[in-house]
Amino acid sequence: MALYLKYRPNNFETIVWQEQVKDILKAEVEQDKLSSSYVFFWPRWTGKTSTARILAKAINCTWEWEKPCNKCENCKLIDSWRTLDFVEIDAASNTQVDKIREEIIDKALYPPTNLKKKIYIIDEVHMLSKSAFNALLKIMEEPPAYLNFILATTELHKVPETIISRCEVFNFKRISQDNIILRLEYICKQEWFDYEIDGLKLISKISDGWLRDAIKYLEQVSIIWTITAENVSKFLWIAPERQIKAFLDIVSTNDLNDIFTEIEDLQNKWIDLTNFIKDILSYLDEHLLENTKENLKLINLFDEIYVNIRLFPTPALAYKTIIWNKKIQFTETRNKQEKNTEIPENLKNKEKIKATKQEETTEVVETTKCEDIKNKLISKLNSPIIKWIIKNFWEIDQENWEIVVYIISNTNFQIITKPDNKEILEKEISWLCPNKTIQIKNITKEEYFEKQLSN
Ligand SMILES: [Zn+2]
């Protein structure tokens, strides 16, 4: 038997972390003050359907104490689906649309055949069609004494008010990661699994509040390995926090060779680089306050990769190109800042300072012009990849009055020199600046990097 079924709660006592829901329902059963209809609500899977089934059994259980007993004929009938009086419908499934109309409109009007009461559990009830809701409402307005509805939903606001007003509504709490870890640890001990708490933490994190998924992951990993963080990430193809931190440390060093080697390493480890970006961003978000300035810079960098990753032939190429391009910008900014602070100390002659300042001003004007033309050009182009290449690898060679598009990767070079693309580019540039020529140069990463540093 699958673990998530084995450890699924089967009476009120085993419903964990929904204390309020559990206590009220238990009291209603004991005092025989049950409502005819219930709505169970919470945005995620939190044991709604398990609780619904426990309630269905409690309503029908023939044992005098501690309902449901899970042993009497009625409890067994419900557990084994051997009765037509207990119906579970998933409104999110299209194949069940006909069933809903048929069940609700036709069959609900007849008394139960072998249970005390007929129970309808409708999961994801907000997905019902308007006519199905109307049919449901018609019965709810004057519910037969032998009928109970348990409606479960993740989107309460989509359930008509007329329905909700006729039900007792229960809000289910989201299960916290700590509670999921506790539950997983309990199961590990029961099943004699070898585990480390870090492995359970990681499972709880990736299952994101879904206890059923967490138990499924636990079972999958336990079949092959001891449950450690490393094995969990290996099995589920995700990068553990340690890996993310190591990668970010390398990116912060500014050594492009190391960074590129690490990206290839990650790929060789079969880490999905597209998902890895999301992990990195959520890691940075969680640790933002620890090193705000550096982390904001990194968020900026990885956000650009996240947005543009699909424009590249491979995710690795997106990482490399964007990191490499950003690194140059960082270095440039830093060099400029250093230059600016050094000048007043090193140069005592006021005239010289004046001259330098003038020089800087003209340089700024030229850069602005270049940026201006660049932005105009980008706004006229349609293809996102060409826009991206132009934005990042375009320059005006002022000595020769040439517009130069430096293309670093062969793939990018092939894209931009395609006859169609080249023609569009040349046409737009000739419109924007008639006295300049366009040249497209393919250079290596090292050449480009050296060129940037020498400028
Ligand atoms: Zn029973």
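This report describes two helix pairs, H9 with H10 and H14 with H15, in a predicted model.

| Helix pair | Residues | Axes come within | Crossing angle |
|---|---|---|---|
| H9 and H10 | 197-207 and 211-224 | 9 Å | roughly 135° |
| H14 and H15 | 273-286 and 292-308 | 10 Å | roughly 155° |

**Helices H9 and H10**

The axes of helix H9 (residues 197-207) and helix H10 (residues 211-224) cross at roughly 135° and come within 9 Å. Because of this angle, H9 is oblique to H10. The handedness of the crossing of H9 and H10 is right-handed. On the H9 side, the contact is made by Ile203, Ser204 and Ser207, and on the H10 side by Asp213, Ala214, Tyr217 and Leu218. Sorted by class, the residues in the contact of H9 with H10 are four nonpolar, two polar and one charged.

**Helices H14 and H15**

The axes of helix H14 (residues 273-286) and helix H15 (residues 292-308) come within 10 Å, crossing at roughly 155°. An angle over 145 degrees counts as roughly antiparallel, and H14 is therefore roughly antiparallel to H15. The crossing of H14 and H15 is left-handed. H14 contributes Ile277, Ile280, Leu281 and Leu284 to the contact, while H15 contributes Asn295, Leu298, Ile299, Phe302, Asp303, Ile305 and Tyr306. By class, the contact of H14 with H15 comprises nine nonpolar residues, one polar residue and one charged residue.

Terms used: Residues numbered from 1 in each chain as written. Predicted model: local features only at pLDDT ≥ 70, side-chain atom pairs only at ≥ 80, totals over all residues. Axes fitted to C-alpha atoms, helices over the stretch in contact; angles between N-to-C directions. Helix = DSSP H or I, 4+ residues; strand = E, 2+ residues; numbered from the N terminus. Parallel < 35°, antiparallel > 145°, perpendicular 65-115°, else oblique. Left-handed = near helix turned anticlockwise from the far one by under 90°. Contact = placed C-beta atoms within 7 Å. Nonpolar A, V, L, I, M, F, W, Y, C, P; charged D, E, K, R; others polar.
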